[in-house]
Amino acid sequence: MAMLLKGGPVAAALTEKTAALTESLVIRGITPTLAVLRVGERPEDLSYERGAMKRCAAAGVAVRSAALPEDVTQETLMETLEDLNQDEAIHGILLLRPLPERLDGEAARQALRPEKDVDGVTDGSLAGVFTGSGQGFAPCTAQAVVVLLDYYGMEMRGKRAVVVGRSLVVGRPAAMLLMERGATVTICHSGTESLPEITRGADILVAAAGCMGMVGPEHLAPGQTVIDVGIHQEPETGALRGDVCFEAAEPLVKALTPVPGGVGAVTSAILAMHTAQAAKRRL
């Protein structure tokens, strides 16, 4: 049976550190504050917002909800974003995506001020990840992958890591962070030929393809550490599932993140941490 790499203890440890940082800032008259910019009421967005608010509250980080209606115009969206950019009481902005297709999400993404981009979505933030400069903030979910591995003592240096998924949200930045830690990284996707052969050769396998149950027993091998980034809701039962077939992986691999209860909790804890760090950098 695999060792379960649960996100709860990791998130709790991060939250404790963030709370200490927040307390030191409050003493100096600064309350780290996150603004959550949401368009409409998609269940996924509402769930993420609730999780972020809960985690931020535990860390002493204030949260301001900036909710816009589903039929908001591009002009109003950009004006709201600029107001948050200019508000000196706001230290971090979380833009919940994807936005409705009729809106220009790319324009909104690039309009974020880099110093307030606590989820690492702008080109400036991503450049910091890809160059290893340390500027800006890494995407929270990608950073959660490395933080989880660190917390549970999973060595990355010299290991073969395979990332299934090439998005700028998780896959590619996670690969860069793993490489920075000394892993030899291969990036794959749903169209990669001989994918099972490649994934079976991994010491660390990160499933971030965004496809429920895509990673099955044919992709896995004994001794692997598997980080499942995916989270999906089964239409029939409403149960939450990941990109990895948990029932096939648990008896086989060495270590595995559960879904739910794995990467998600760590992601929201990192968001709170980034907001506090952004407030500190303002000094």
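Figure 1. A35 stands opposite I93 in strand β4. The model shown here and in the other figures is predicted. Strand β2, residues 33-39, is joined to β4 by four bridges, and the two strands run parallel. They belong to an open sheet of three strands with parallel pairing, in the order β3-β2-β4. β3 and β4 are the edge strands, each pairing on one side only. Direction ignored, neighbouring strands of this sheet are turned by 20° against each other on average. Helix α3 lies across β2, β3 and β4 and runs at about 175° to β2.

**Figure 2. The salt bridge between D87 and R64.** Side chains of opposite charge can pair when their charged atoms come close. Here D87 forms a salt bridge with R64, with 2.8 Å between the closest N and O atoms. The pair links distant parts of the chain: D87 is in the loop between α3 (74-86) and β4 (92-95), whereas R64 is in strand β3 (residues 62-68), 23 residues apart. Are the two residues buried, exposed or in between? D87 is partly exposed, with a relative accessible area of 24%. R64 also counts as partly exposed, at 38% relative accessibility.

**Figure 3. The salt bridge between D150 and R181.** The side chains of D150 and R181 meet in a salt bridge, with 2.6 Å from N to O. D150 lies in helix α6 (residues 140-151) and R181 in the loop between α7 (171-180) and β6 (184-188), so the pair ties together parts that are 31 residues apart in sequence. D150 counts as partly exposed at 39% relative accessibility. R181 is partly exposed too, with a relative accessible area of 32%.

**Figure 4. A network that includes R42 and E44.** Salt bridges that share partners join R42, E44 and D45 into one network. Within it, E44 forms a salt bridge with R42, and the closest N and O atoms of this pair are 3.9 Å apart. The cut-off for a salt bridge is within 4 Å, so this pair is counted. R42 is partly exposed, with a relative accessible area of 28%. How many salt bridges does the count come to? The count comes to 12 salt bridges.

**Figure 5. Aromatic rings.** A search of the whole structure finds one aromatic pair. The pair is formed by Y151 and Y152, whose rings are edge-to-face, 5.0 Å centre to centre, with 75° between the planes. Planes over 60 degrees apart count as edge-to-face, so the angle of this pair places it in that class. Y151 counts as partly exposed, at 41% relative accessibility. In another contact of a ring, the charged end of R281 sits over the ring of F137, 4.2 Å from the ring centre.

**Figure 6. The surroundings of C211.** C211 lies in the loop between β7 (204-207) and β8 (225-228). This cysteine is partly exposed, with a relative accessible area of 39%. Which residues does C211 touch, not counting residues up to four places away in sequence? They are H232, G242 and D243. V129 is 82 residues from C211 along the chain, and the C-alpha atoms of the two are separated by 25 Å.

Figure 7. An open sheet of six strands has parallel pairing and the order β1-β11-β8-β7-β5-β6. Its edge strands are β1 (3-4) and β6, each of which pairs on one side only. Two bridges join β1 to strand β11 (residues 255-256), and these two strands run parallel. L4 stands opposite L256 in β11.

Figure 8. Helix α7 lies across β5 (160-164), β6 and β7, and runs at about 170° to β6. Seven of the 10 residues of α7 are buried, so the helix is largely enclosed by the rest of the structure. Which residues of α7 are buried? They are G171, P173, A174, A175, M176, L177 and L178. What covers them includes α5 (123-131), α6, β5, β6 and β7. α7 is followed by G182, which has a positive phi, near 95°.

Notes:
Residues numbered from 1 in each chain as written. Predicted model: local features only at pLDDT ≥ 70, side-chain atom pairs only at ≥ 80, totals over all residues. Heavy atoms only, no water. Buried < 20%, exposed > 50% of the residue type's maximum accessible area, 1.4 Å probe, protein only. Phe/Tyr/Trp six-rings, centres within 6.5 Å; stacked < 30°, edge-to-face > 60°. Lys NZ or Arg CZ within 6 Å of the ring centre and 35° of its normal. Contact = heavy atoms within 4.5 Å. Pairing = 2+ DSSP bridges. Axes fitted to C-alpha atoms, helices over the stretch in contact; angles between N-to-C directions.
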